[in-house]
Amino acid sequence: MKSKMSQMFVQGETIAAIATAVVPQQGSVGIVRMSGKQAIAIARILFHASGRQPWETHRILYGYLRHPQTEQVVDEALLLIMQAPRSYTREDVVEFHCHGGIMPVQQVLQLCLEQGARLAQPGEFTLRAFLNGRLDLTQAESIADLVGSRSPAAAQAALAGLQGKLAAPIRQLRSTCLDILAEIEARIDFEDDLPPLDEAAVVAQIEQVLTEVTHILETADRGELLRAGLKVAIVGRPNVGKSSLLNAWSRSDRAIVTDLPGTTRDVVESQLVVGGIPVQVLDTAGIRETADQVEKIGVERSHRAAQAADLVLLTIDASTGWTEADQEIYEQVKHRPVILVINKIDLVEVEERKIMQSQIPVGMEAQPTFNPKSKIFTAASLNQGIEELETAILEAIHTGNLKAANLDIAINQRQAAALTHAKTSLQQVQETIAQQLPLDFWTIDLRGAIQALGEITGEDVTESVLDRIFSRFCIGK
C-alpha cells in the first residue's frame, strides 16, 4: 500500500529543499538539493559553469546561479551532479552548494520551484531512497537517528543500523520462517508425494528464531536511552550543594552558588554524556516550606522535575547528616531509582566519614529502589567524587530499572513493537504444535511472525507506518 508521500513519488515529480541548517549570519555553506527527472534540466537553466567544464555525473562544477529572465546573479556556487542510479535517491540528483545564511539558499530554492520543482515533504528524499531500493526501512530510520544523535554511542548505534547490522539478522530470521512455512504448506498441498514433516526439526528452528528475536528485543531499553537520553534530577534541601554539584559535574558555572539557602529559584538544565548515554541534568530549587512566592514556584517545579526524572540524586549535607527534612524529601521520590549523594564530605572529620560510609540512613534500608552501592560521597566545591557518581549512574543503568543491553544495535519503539508481535506469534506456533493441531493451524501464526518481521525492514509496510516514520524527518532529508 502506498502512502500519500509515495503517491507523489510515483508521479515522478522533481522535488527541492534546503538540505542544511539555515542560521542568520552563521554557516559558511548552504545546500539546496533537487531530485527527480527534471533536476539536471533545471540546473542547466539556473547554473552557468565557467569555461568548458563538462556536465558529467559525480563531478563538481564552479559557476554562478542566475535568474533565467533577468540574468541577475543570485550567488556564486558549486554544482554537484549525481545521475541515477548512483545517487542517494537513485534518481537524478543535483546539489547547489551556496554561501551560507538565509538569503542565498532561499533565493536559489525559489528559483528551483519557479522552474517546476516541488517543495519536498519532510523525509521525502529518504522515502524515495527507500521506495527505490536504495535503503531498507531500518536504514532509513538509522539516518534520522544519526542526524539526531546526542552522544558518540548514539551515533555509533545509528551507523550500525545504517550499515545493515539490524536488517541482516531480521532478514535471516524472516527467511527461516519462510522456509518453515514452505515446508509445512508443501505437506498440506502434496501430502501423498512427500515424506512426513520432520516435526522435531521445525520445533528446533522455531525455538532458535524465537531466541534470536528475544535477544534483539533486549536492545530496546538501550535504544530508548541512546535516543531520548537519561533525565537526572538533583534534589535536596536548600544549601546542601546541589548547584555546586551541577557545576562540578558539567565543568561550568551554569548555576549560581552562594552560602544563602534558596539561591536557586528555578530548574537549571545541563546536557552531559555519561558512558555514551546522553544525560539531561536538572538542578532543582531547594525543597522546603517557604512564604516567598517566587521560591515557592521553584519548589513546585522541583517536585515536578523529580517526578518526571528517570533517576534522582538525593543530595544531603555531610556536615549536618541525615535530617528529618531529608527524610521527607526522600518519601516524595522513593518510587524512583535513587542515588544518595552525601556532599560537603570535606567538612567532616575522617572518623565521622568512616561511620557514614558504613551506615544507610534510617528509612532507606528497606526501599527496593535504594542499593547500598548507590551512596556517593562528594566534595563538589573541590570537584571530588564526580567519577564515582558517574560510575553509580552507569551501574543504575545496567543493573537496575534502567537496564540496557550491551549490543551494537539498538532498536526503536516501532521495531520493538513489531518484534514483540513476532515473538508472540512464534510462541503461539509452539503452543499449536504442542497441542498437535493440524498443519493448517501452524501456518496462521507463522504468517503473522513473517509479516511482523517484514514490517521492520519494510518488506511488509502500511501507509500509516511510512507516513509516521518519514514525517519525523527534516525537510531536506
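Select V73 to begin, a residue that lies in strand β5, where strands (E, at least two residues) and helices (H or I, at least four residues) are DSSP runs numbered from the N terminus. V73 is partly exposed, with a relative accessible area of 43%, since buried means under 20%, exposed over 50% and partly exposed in between, with a 1.4 Å probe and protein chains only. This is a predicted model, in which local features need pLDDT of at least 70 and side-chain atom pairs count only at pLDDT 80 or more, while totals for chains, interfaces and linings use all residues. Residues are numbered from 1 along each chain as its sequence is written, and side-chain values use heavy atoms, leaving out hydrogens and water.

Now move to A84 and P85, which are joined by a cis peptide bond with omega of about 0°; P85 lies in the loop between β5 and β6 (93–99).

Then select N239, in the loop between β8 (230–236) and α10 (242–250), where phi is near 70°, a positive value in a residue other than glycine. N239 is partly exposed, at 31% relative accessibility.

Finish at Q436, in the loop between α15 (413–434) and α16 (439–457), whose phi is near 60°, again a positive value in a residue other than glycine. Q436 counts as exposed, at 56% relative accessibility.
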